Structures are given as C-alpha cells and as structure tokens.
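Please examine the fold shown below before reading on. The text is intended as a guide to its parts and to the contacts between them.

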Amino acid sequence: MGESIFWLPAASEQGEQVDHLFFLLLAVSAIVTIVVFVLLVTFAVRYRHGSKAKRGKLPNLMRRELEIGWTAATAFLFLFIFWWVSSAQLEGYSPPPDALEIHVTAKQWMFKTQQPSGVREINELHLPVDTPVRLVMASEDVIHSFWVPAFRFKRDILPGRVTQGWFTPDKTGTFHLFCAEFCGTNHSEMTGRIIVMSQADYAEWTAGQPQGDDLGKEGAKLFVAKGCSGCHAPSSKVHAPNLAGLFGRKIPLADGSIVTADERYIRDSILQPRREIAAGYPPIMPSFQGVVSEEDLTRLLAYIRSIGKETP
Ligand SMILES: [Cu+2]
C-alpha cells in the first residue's frame, strides 16, 4: 500500500508483521460488525410487530451445534491471535547477536544517539538498510518513549533502567522519530529523524564523520578515572570480581539465585551494589548513584561488554 494521509507504509521487517496483524484484527472486527448489523436489521424486519414469521423454538440439536460451533471457532481464532502477538512481542525482546548496537540517551527534550564507531548525533540517527539494529536506551530525567511510526517501533525509556529493543529497517529514506510520552513543556518538540541509507552510503557517511572515541574506549578511561579499576583490575589486592569475560555469563549470587550478567545487572550493580551480591565476594562496593551520569554508565557498560569476550 502506498503512502497517503491515512497510511504510512512500514519501513522495517517487524513493521510489516505488525501491519499483517493489524489488518487481521481489522478484518475480524469488520466481519463481526457486519454480521451483527445484518442480523439486527434482518430480525427487526422479519419479526416486526404483526408479521407472520414463525416464532417457535429452534430444534434442540441445531441449537447445541450452533453454540459449540461459534464458541470453538472464536476460541481458536483468539488463541491464534494471542500466539501471533506474543511470539512477535517476545521476538522484539531478543535481538540477533550481531545487531548494530546504538546507544540512546533521552533527556528533556532531545534524543542523543551514539554509533558503535563513536559517532554522536542529536535528534538524528543514521542507519544502514537491512541490518538488525539494537537500541540500548537510558533516560537522564523522566520517562520518554522512542517512537518511529514507520518502523512500528515504540519503546519507553525509563529513568533508572536500561531498556532495549530492536528492528531491521528494510527501506532507505528519512523517517520521523517522536517522543511518545508526555515528558514536560517541550515534549512536542522532542522529535528527530532516522536516516536509513544503503550499506555503502552508510559506510561512506561513517568514514566522513569526526570519529569520537568509541564508547568502549571512553568507558575504559572512566573505569580508571572513577576508581573502578582500583578493585576490579586483575592486579588489585581487593577481593572483587574480575570483569573480563563477565558479560553475558550466568552469575551465581550470594542468595543462591543465578542471574545473567547483562546490561541490566551490571548497571544495577554499579548503582545498587548491595542488592545482588555475587557469590563468594564480600559486599564492600560503594554505590555510584549520583557519581556517574547516565551517559557515563553507557560508556562503562560498553567497556565491560567489550572485555566480555576476553577469557578471564
Ligand atoms: Cu520525551
């Protein structure tokens, strides 16, 4: 379907699936509405006051079959929709491991984005086409929401938490980005552009940008500057976990449970280190709440992620 004031064509693989689902729901609603109205009008005419239509009971057998028929049919239809929606939703939470990682920091009233190469943008994001993109998002103040209508992608960005989401743009072009959560006075101006380019154009664009340090390198500097390395460096005399090889591993906790060392866990461990203590370590780490900014956290996370592949 082409673009019109009623319809914005999907520009991501996931968006097409959302559209199919939307049209299925629309068709089901339309069919039900039509059936109800046709029966309503037919019965109103047929059984109007004084008409000679038969008004006796239906035969018992037919009544039962009708009941079973429509109950089973609607139950199966809705189970099918439930299965479809939930599998699409769940897929939305498990990005492919090779997805391009984009960090987004939202604040009143802008989106700051950073590419794996270190390139930073404000209210803009350049992406290559046909490449899965994973967003790792944090807020510096209030709740925002990253909404790209053409990608059928909307995910809240919450203060105090890392949220993630992914999509695969499959058309080149420029697409609107909106904040979809009322976040203060200038919320309506919190908009931006997603520029999807061919892979070659994207490579050229990246090469032409002033290269910032990549996030991981900035994180490595912060790791020393904020004193993390004092305890977490392999040479340290403090009994603290060595962080090389940590990312993505299953970590046994002091309370007997097991967590995956993902962004959520590492972020919480920096801000609330007493909450989930790794088994075998004393709870001596101080909280870095208020000491490291949301953007610094992003850098530290990128650094810890980057050394995650090294064997400890
Ligand atoms: Cu906002």
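The paragraphs that follow treat the domains, the boundary between two of them, the annotated spans, the salt bridges and some features of the backbone.

The model is predicted. Its protein chain is assigned three stretches: domain 1 covers residues 13–91, domain 2 covers residues 100–208, and domain 3 covers residues 215–309. Taken over C-alpha atoms, the centres of domain 1 and domain 2 are separated by 40 Å.

How much area do domain 1 and domain 2 bury between them? The value is about 670 Å², and 34% of it falls on carbon and sulfur atoms. On the side of domain 1, the residues that lose the most area to domain 2 are Glu-13, Gln-14 and Glu-91, which together make up 59% of what that side buries. In terms of contacts, 7 residues of domain 1 meet 7 residues of domain 2.

Helix α1, residues 13–46, gives the most to the side of domain 1 that touches domain 2, contributing 6 residues. By class, that side of domain 1 holds 4 charged, 2 polar and 1 nonpolar residues. Side chains of opposite charge can pair when their charged atoms come close. Between domain 1 and domain 2 the count is 2 salt bridges. In the model, the side chains of Glu-16 and Lys-171 form a salt bridge, with an N to O distance of 3.4 Å.

Attention now turns to the annotated spans. An unreviewed UniProt entry places the feature "transmembrane region" at residues 20–45 and 66–85. What are the helix and strand contents of residues 20–45? The span is 100% helix and 0% strand, and its end C-alpha atoms lie 37 Å apart. Residues 66–85 are likewise 100% helix and 0% strand, with 29 Å between the end C-alpha atoms.

The unreviewed entry in UniProt also lists residues 97–208 under "domain: Cytochrome oxidase subunit II copper A binding". Over residues 97–208 the chain is 51% strand and 9% helix, and the end C-alpha atoms are 27 Å apart.

Across the whole structure, a search finds 14 salt bridges.

Where is Trp-109 placed? Trp-109 is in the loop between β1 and β2 (110–114), and a cis peptide bond joins Gln-108 to Trp-109, with omega about 0°.

Positive phi values in residues other than glycine are found at Asn-123 and at Arg-152. For Asn-123, phi is near 55°, and the residue lies in the loop between β3 (120–122) and β4 (124–128). For Arg-152, phi is also near 55°, and its place is in the loop between β6 (144–148) and β7 (153–157).

How values were computed: Residues are numbered from 1 along each chain as its sequence is written. This is a predicted model: local features need pLDDT of at least 70, side-chain atom pairs count only at pLDDT 80 or more; totals for chains, interfaces and linings use all residues. Side-chain values use heavy atoms; hydrogens and water are left out. Domain bounds come from an automatic or database domain assignment. Contact means heavy atoms within 4.5 Å. Buried area is the accessible area (1.4 Å probe) that two parts lose on being put together, summed over both. A salt bridge is a side-chain nitrogen of Lys or Arg within 4 Å of a carboxyl oxygen of Asp or Glu. Helices (H or I, at least four residues) and strands (E, at least two) are DSSP runs, numbered from the N terminus. Ala, Val, Leu, Ile, Met, Phe, Trp, Tyr, Cys and Pro count as nonpolar, Asp, Glu, Lys and Arg as charged, and the others, Gly among them, as polar. UniProt positions are given in the numbering used here, feature names are shortened, and annotations may be inferred rather than shown by experiment.
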